[in-house]
Amino acid sequence: MVSDVNAGSAPVLTQSVDAVKSRRLSSIDALRGFDMLLIAGGGAFIERLNGKTGLAWVDWIASQLTHPQWHGFTFYDFIFPLFLFIAGVSLSFSLQAGLEKGMEKPVLYRKVFRRMVILILLGIVDKNVPLDIFNPGHIRYGSVLGRIGLASFVATLLYLNFSWKQRLYWVGGILLGYYAALFLIPVPGYGAGDLSFEGNLVGWVDRTMMPGRLLQKTYDELAILTQFPAVCLTIIGTIAGELLQSDRSERTKLTYLIAPGLYSIGAALLWSLHFPINKHLWSSSFILLTAGMAFLFLAFFYGIIDVLGYRKWTFFFKVIGLNSLVVYLAYRFIDFNHTSKLLFEGFYRHTGDQWHESLNALGALALVWTFLYVLYRHKIFVKI
């Protein structure tokens, strides 16, 4: 979750690094910030409005900020996949810049491998504080940060050795292979093709092979098998990033973002008739749906910000997007909700009791953003 790249360039390696920096894409930072906003307190604020305003549309939006119990989809399911996609977009710029500086592939491999290891370790700390290092059986090893690190490393290997078309074939092969595995490999006691909470192959592999603690007891959605479909989102992101670096016209770039987005969503809905959309399983249809949505969101932000030039409104998101790792870890180690209660309860206590949780969440969001703004003003951006 690091904002390590954002600039745009043409795909040829002879273009100067100065030219790359001159066409920095503000849309990437803004989209990352929008995504992180829901983690940084915006989601909690809206979700706590559910049933309190008397407005049906507010209740519907609030209902979209919780995860389905099993099959199904809400907007909240899109947050992490969008970040994996953005990580791929950013990665393509970072690797391209490295190549243009004369860095050889082994050097880039080592840099991304080191980043992966650091993210895995940070992820273990994040999911297990206080960390019981003397009882590894109680440690949860699957994590959001670890998945980002692993996906970025795999996407790097493919980006540096395969064309965008070949990478697309890799994505297709992984998603079809994952689909075949879940439907053809029998699970002891349940058989093949069982997608229930208890009988799916993902859970059996986790219970059998994954060390440590599993989040859902019988499986962990950030453990072993789901790594394969999840990495596809970052690979697809590198394809989108390569498109944005090309010398095609802005209109053509928008078309090439929107069209695959719509195709991917259509394919996902069709595939879901047999392989349900399921974030817990990271089903192949779920990957296509969120990849398609990510293309459309990127097209919207790119079109509004970098093509039409409407940038002032993005500052709020940009402050968050430039320090996404800080946002994610800060919520683990700093109790913004408690601080918000100390600072703002004297004001919101005069409203109805039903508003207190929402207003406290809004105060926490304001504190997070102010904290990030101070870092922004002092040009402190945490990168790995």
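Guide: Start with one pair. Arg-140 and Asp-220 join their side chains in a salt bridge, 2.7 Å from N to O. The term means a side-chain nitrogen of Lys or Arg within 4 Å of a carboxyl oxygen of Asp or Glu. This is a predicted model, where local features need pLDDT of at least 70, side-chain atom pairs count only at pLDDT 80 or more, and totals for chains, interfaces and linings use all residues. Residues are numbered from 1 along each chain as its sequence is written, and side-chain values use heavy atoms, leaving out hydrogens and water.

Visitor: Are Arg-140 and Asp-220 buried or exposed?

Guide: Both Arg-140 and Asp-220 are buried. Buried means under 20% relative accessible area, exposed over 50%, partly exposed in between (1.4 Å probe, protein chains only).

Visitor: What does Glu-242 form with Arg-167?

Guide: Opposite charges can pair when their charged atoms come close. Here, Glu-242 forms a salt bridge with Arg-167, with the closest N and O atoms 2.6 Å apart. Glu-242 is in helix H9 and Arg-167 in helix H7 (residues 164-184), 75 residues apart. Glu-242 is partly exposed at 22%. Arg-167 is buried at 1%.

Visitor: How many salt bridges does a search of the whole structure find?

Guide: Seven.

Key
Helix = DSSP H or I, 4+ residues; strand = E, 2+ residues; numbered from the N terminus.
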